[in-house]
Amino acid sequence: MPIATFLESYDFAGKKVSPFCSNGGGRLGQSVSAITKLIPAAVVQNPLSIYYDGGSSLSADLDAWLKKNGF
């Protein structure tokens with residue numbers, strides 16, 4: 001709910017939002033679709049889901065995700 005309240009409190013029209021999360025197996029679930037519904041005027045980019053600590057590939061995964069989203 002804190003994220004939903006934050007998203008509802010600001011104008012994200014025309015902004016790019018790149019969701020990311022760490023998890024213990026639930027992955028992103030319905031998070032991306034929920035975010036998209038809360039900020040329909042924003043561009044919701046490719047999300048990143050990191051399982052637990054990300055393992056040895058975390059740095060490479062983050063680099064690839066950042067590049068994919070134009071950072």
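Modeller: Let's begin with Glu-8, which sits in helix H1. Please keep in mind throughout that this is a predicted model. Glu-8 is exposed because its relative accessible area is 55%, and exposed means over 50%. Now look across to Ile-35: along the chain, Glu-8 and Ile-35 are 27 residues apart, yet their C-alpha atoms are separated by 9.8 Å.

Ile-35 is one of the residues that lie nearest the centre of the largest pocket, together with Ile-3, Pro-19, Phe-20 and Ser-31. In total, 16 residues line this pocket, and the space in it comes to about 260 Å³. How can such a space be found at all? Rolling a probe the size of a water molecule over the atoms shows where empty space is left.

Which parts of the chain supply the lining? Helix H1 (2–9), strand S2 and helix H2 (31–38) each supply at least two residues. H2 gives the most, with five residues. Sorted by class, the lining holds 13 nonpolar residues, two polar ones and one charged one.

Let's stay with H2 for a moment. Ser-31 is found in this helix, and Ser-31 counts as partly exposed because its relative accessibility is 37%, which lies between the 20% and 50% cut-offs.

Along with Leu-7, Phe-12, Val-17, Ile-39 and Ala-42, Ile-35 makes up the largest nonpolar core, which has six residues in all. Pick out Val-17 there: leaving out residues up to four places away in sequence, Val-17 touches Phe-12, Ile-39, Ala-42, Val-43, Val-44 and Gln-45.

Strand S2 (residues 20–23) is another contributor to the pocket lining, and Asn-23 is in this strand. Is Asn-23 buried or exposed? Asn-23 counts as buried because its relative accessibility is 12%, and buried means under 20%. Beyond its neighbours within four places in sequence, Asn-23 is in contact with Ser-49, Ile-50, Tyr-51 and Tyr-52.

Tyr-52 deserves a look of its own. You will find Tyr-52 in the loop between strand S4 (48–51) and helix H3 (58–68). Tyr-52 is exposed, with a relative accessible area of 54%. Its phi is near 50 degrees, a positive value in a residue other than glycine. Why point that out? Most residues other than glycine have a negative phi.

Finally, step back to the whole protein. There are three helices and four strands, running α-β-β-α-β-β-α from the N terminus on. The C-alpha trace spans about 35 × 25 × 15 Å along its principal axes, and 24% of the 71 residues count as buried. Among contacts with a separation of 6 or more, 67% join residues 24 or more positions apart. An unreviewed UniProt entry lists residues 3–66 as "domain: Flavodoxin-like". That span is 38% helix and 19% strand, and its end C-alpha atoms lie 21 Å apart.

Notes
Residues numbered from 1 in each chain as written. Predicted model: local features only at pLDDT ≥ 70, side-chain atom pairs only at ≥ 80, totals over all residues. Heavy atoms only, no water. Buried < 20%, exposed > 50% of the residue type's maximum accessible area, 1.4 Å probe, protein only. Contact = heavy atoms within 4.5 Å. 1 Å grid on protein atoms, 1.4 Å probe; cavity = no way out; pocket = protein on both sides within 12 Å on 5 of 7 lines; lining within 4 Å. Points joined across faces, edges and corners; volume = space filled by probe spheres on them. Nonpolar A, V, L, I, M, F, W, Y, C, P; charged D, E, K, R; others polar. UniProt positions renumbered as here; feature names shortened; annotations may be inferred. Core = buried A, V, L, I, M, F, W, Y, C linked by side-chain atoms within 4.5 Å.
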